[in-house]
Amino acid sequence: MTQEVRVDQKAAKLSLSYILVAFIGFGIAAIAGLLQGLDRAQLITLPTWLNYYQILTAHGVLMGLVFTTFFIEGFLFSGIARVQNGKLTPLGLKLGWVGFWVMLIGTVMGVITVLMNDASVLFTFYAPMKASPFFYIGAALIVVGSWIGGWGMFAEYRNWKRNNPGKFSPLFLFTAVATMTLWQICTLGVAAEVLFQLIPWSLGMVDTVNVLLSRTLLWFFGHPLVYFWLMPAYMTWYLIMPKIIGGKVFSDSITRLVFVIFVLLSTPIGFHHQLMEPGIDPKWKFLHVALTLSIAIPSLITAFTMFATFELAGRAKGATGLFGWFRKLPWKDARFFSLFLAMLWFIPAGAGGIINASNQLNQVVHNTIWVTGHFHLTIGTAVALTFFCVSYWLIPHLTGRKMTRTTNELGRLQAVLWSIGMIFMSGSMHTLGLLGGPRRTAGTTYMNDPTALSWIPFHKLAALGGAFLFFAAMLQVGLVLYLAFKAPKGEQEYPMGDVAEDAAETPRILERWPVWISVAVILILVAYGYPIADMIQNPPPGAPGVRTW
């Protein structure tokens, strides 16, 4: 049985700092998102000093990098402390704080550059669009800071193994190490792009950039980034949710296996984002498509595991009949309600991902706003709702406060508003994509072309959804601030589940990180080694920088 343990003051201060920065970034990104939707639907006209691509970049960078990375670092540090009697080691704390400040400096540099309209290069900062070097340096600092924080977590893992020879590490610590291992591997691509291509190019040290290589390095990082977001959500589903519903973690082995598969298969799949691009031999694209479809396996395992956990918990409470356990779930608890909606949303999100990764179907949807709709179902709903849910119990736990009945009800309302907004917005984006509506472009009627005019009602529905999402976002920010500074003093549980007593014994191979990291490196070399070498030895004509805004 897991003992009730509080995260101590030093670890709590570190985790809370990360999480508050995450939600400040989230709030600003939500404002930019609302403006985007209203502008695209032609419901407002942006002032001359603020352009569409500026707020598109701000929304993408703040939501996709700042909110997620800061939140994940804060959440993982808190959980690692929780499974180590509430404490972090001095080295872990020091590296956590160094990483925090480096990330914060990078974030401030990036945001200021975007606000000055000197970096409207979108979330993917695709070359040959050329931003200020301060934007790329800021992005590099965010990545480097996150590495330093990750090294702090590795130090915690090494310390635990040293003090507990021959034992399996706590499940939360293991999954945190898996998440940061994936992050450290995949960010090598974007770090190489920014350090060796974009920064020298933006500083004028070289005249042109190898666009094909820069995009390949970006997507080396770009799709694993999705799993970096998703793995902490899975940690919540596997380890936190069972405690909330009064059940047990279904299987230690399955949980570790799922995270090992993510480490192995997340990175060598980036070419499925470049299926429509020339310069890459189709056989390498085919390999990446096959590996991309394989990454659906851990998600399917997770779906089985979650429903098994629900059913076992329900039957332990006396449920009868085929679906009687469904009624035993704590629907009135915001900590579970938001989580269940997040899992529910991940079903269509995952199905859309399989469509996007399929070689032929990708040709239909690739450059359309369908992809944006898919993106909002995965990160914007499955992941974001899970992070919201975590904040309801984690923030009061860290601050020595407690959830009240009112905050619980507001949390459930937030999840409903967010889901309604996403139905309108993501649903409209998916429909628009099938009708040919493009992505990465400001609203236009293409000189009143009838096809483009037929898109406008869907843009307005998307804007309606954006309005719901904005109100839900502001409610979420308000809840975070209340739970951090104004909620009543008290005790809030850090819900960490125990593994079921009758779960099968875990094979020792699952914790042999040298084996799994070696396999991951081999897969990456097979998938990327020759294509990248070919792009360097036989580069396309270099592209000078352009400023499209």
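1. A residue is called buried under 20% relative accessible area, exposed over 50%, and partly exposed in between. In this predicted model, Arg 412 has 22% relative accessibility and therefore counts as partly exposed, and Glu 409, with a relative accessible area of 38%, is partly exposed as well. Their side chains meet in a salt bridge of 3.2 Å, N to O, and both residues lie in helix α14 (residues 405-434), three residues apart, or about one turn of the helix.

2. The search of the whole structure finds 12 salt bridges, one of which joins Glu 501 to Lys 248, with the closest N and O atoms 3.3 Å apart. Glu 501 lies in the loop between α15 and α16 and Lys 248 in the loop between α7 and α8, so the pair ties together parts that are 253 residues apart in sequence. Glu 501 is exposed at 65% relative accessible area, whereas Lys 248 is partly exposed at 28%.

3. Arg 256 and Glu 511 form a salt bridge through their side chains at 2.8 Å, N to O, linking helix α8 to the loop between α15 and α16 across 255 residues. Both Arg 256 and Glu 511 are buried.

4. The assignment divides the protein into domain 1 (8-156) and domain 2 (330-510), whose C-alpha centres lie 18 Å apart. Between them the two domains bury about 2900 Å², 78% of it on carbon and sulfur atoms; Phe 23, Arg 40 and Arg 82 supply 22% of the area that domain 1 buries against domain 2, more than any other three residues. Across this interface the rule finds zero salt bridges.

Note on methods
Residues numbered from 1 in each chain as written. Predicted model: local features only at pLDDT ≥ 70, side-chain atom pairs only at ≥ 80, totals over all residues. Heavy atoms only, no water. Domains from an automatic or database assignment. Buried area = accessible area lost by both parts, 1.4 Å probe. Salt bridge = Lys/Arg side-chain N within 4 Å of Asp/Glu carboxyl O. Helix = DSSP H or I, 4+ residues; strand = E, 2+ residues; numbered from the N terminus. Buried < 20%, exposed > 50% of the residue type's maximum accessible area, 1.4 Å probe, protein only.
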